[in-house]
Amino acid sequence: MLGGMTDTMKQFEVTRSGPLKEVMALGEAPVPQPGPGEVRLKVGAVGINFADVLTVTGEYLTRTRYPYAPGMEFAGTIDALGEGVQGFKVGQLVACLAGKGGLAQYAVSPAAALVPVPETFSAAQAAAFPVSFFTAYHALKTLGRGEAGEWVLVQAAAGALGTSSIQLAKVLGMNVVALASTEEKLKIARDLGADVTILQDDPDRIQKVKDATGGQGAALILEVVGGTRFEESLQMAANRGRIIVIGNASREDATIRPVELMKRNLTMTGLWLTSLMQDAEATRAAAQGLTPLIASGKVVPQVGPTYALADSAQAFQDILDRKTTGKVIIEPQR
Ligand code: NDP
């Protein structure tokens, strides 16, 4: 027993890549102990990102090392502090970008990976915040250099990143054209402030983006679908448009002819939050930009469907099957 609690806990572990429901196994593991500079969280909510799904299927940007404990982004109350940790206290609700290990009842993380959240937040809101909003900020500002009055195209607009990007773009004074796969998803985008919404499979989608943007095309494109849709993004961009390559949700290869960039003086920039987080200055600037917006409620993490820990594989499958909106949340204590 550890101070009144049992010394084992439930945790997901993946030992090989493969179909989600075959390789995601719920097991028991020792409750981890925080080392120097680390904290232990009683995990209240895990935010599931598309990247979590790809790490399990073995299709992520970097190779997954097995055994792998999924759950890159989570939130909960601090229940133990390792040696030398300052600035945090037991009982405090924090979000955490530990990169893995969140799909468990308890998780240990370096204190440096903790993200403060408003006291008014629920654990689910806290877990829905860091990845999507920091990525949206970097896409719109750090790399995208978006300006008020410009048009930004947001794909997968009702998803976790999409709903964050729409809200942030509107607060920054930008105009938003949103793409998503269903009318229900387009309504979510409109309710968050998207100015124009277009079905992802509308046969006239390229022309409709042009029409929405006064014939110019979008100045900034947040490209998350990839595959054959990538080429379309180039056609939807304005002269001197900036295309931020953020994801490849289609999991298809894309072919780019560099001359297509020449035709309208386009710029293409990759974005990976994991490597951008290593840039302390960029991270500080993003936190400074986001903190007042989150604290004042001008932008709100959109909590999507919520699942019990035992239903994690179903939650991952639902993201892959495009059934979810907002940030999918898993609650390990139930
Ligand atoms: P979402 O909640 O947006 O879910 C993924 C969405 O992708 C789906 O809902 C679906 O929206 C859309 N999609 C389009 N085509 C497909 C397809 N063929 N199969 C499945 N989904 C498809 O997830 P996230 O917010 O976690 O991520 C969105 C994208 O942003 C992903 O590509 C992800 O990898 C990327 N990302 C990248 C980061 C980085 O650091 N580079 C950080 C965060 C996210 P619809 O049905 O409307 O088309």
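A nonpolar core is a set of buried Ala, Val, Leu, Ile, Met, Phe, Trp, Tyr and Cys residues joined through side-chain atoms within 4.5 Å, where buried means under 20% relative accessible area with a 1.4 Å probe and protein chains only. This is a predicted model, in which local features need pLDDT of at least 70 and side-chain atom pairs pLDDT 80 or more, while totals for chains, interfaces and linings use all residues. Residues are numbered from 1 along each chain as its sequence is written, and side-chain values use heavy atoms, without hydrogens and water.

The largest nonpolar core has 46 residues, of which Phe-129, Leu-140, Val-152, Ile-166, Leu-168, Val-176 and Leu-222 touch the most other members. Helix H4 gives the most to this core, with seven residues; helices here are DSSP runs (H or I) of at least four residues, numbered from the N terminus. Because domain 1 (8-129 + 301-331) and domain 2 (132-275) both give residues to this core, it lies between them; the domain bounds come from an automatic or database assignment.

Around the ligand there are 24 residues, and Phe-50, Leu-161, Ser-181, Lys-185 and Leu-273 come nearest; a residue counts as near if one of its heavy atoms lies within 4 Å.

| Residue atom (N or O) | Ligand atom | Distance |
|---|---|---|
| Phe-50, backbone | oxygen | 2.8 Å |
| Ser-181, side chain | oxygen | 2.5 Å |
| Ile-246, backbone | nitrogen | 2.8 Å |

The protein covers 91% of the 890 Å² of accessible area that the ligand has on its own, by the Shrake-Rupley method with a 1.4 Å probe. Both domain 1 and domain 2 give residues to the shell around the ligand, so the ligand lies between them.

Notes:
A polar contact is a pair of N or O atoms within 3.5 Å; within protein, one must be able to donate a hydrogen and the other to accept it, and residues adjacent in sequence count only if both atoms are side-chain atoms. Buried means under 20% relative accessible area, exposed over 50%, partly exposed in between (1.4 Å probe, protein chains only). Helices (H or I, at least four residues) and strands (E, at least two) are DSSP runs, numbered from the N terminus.
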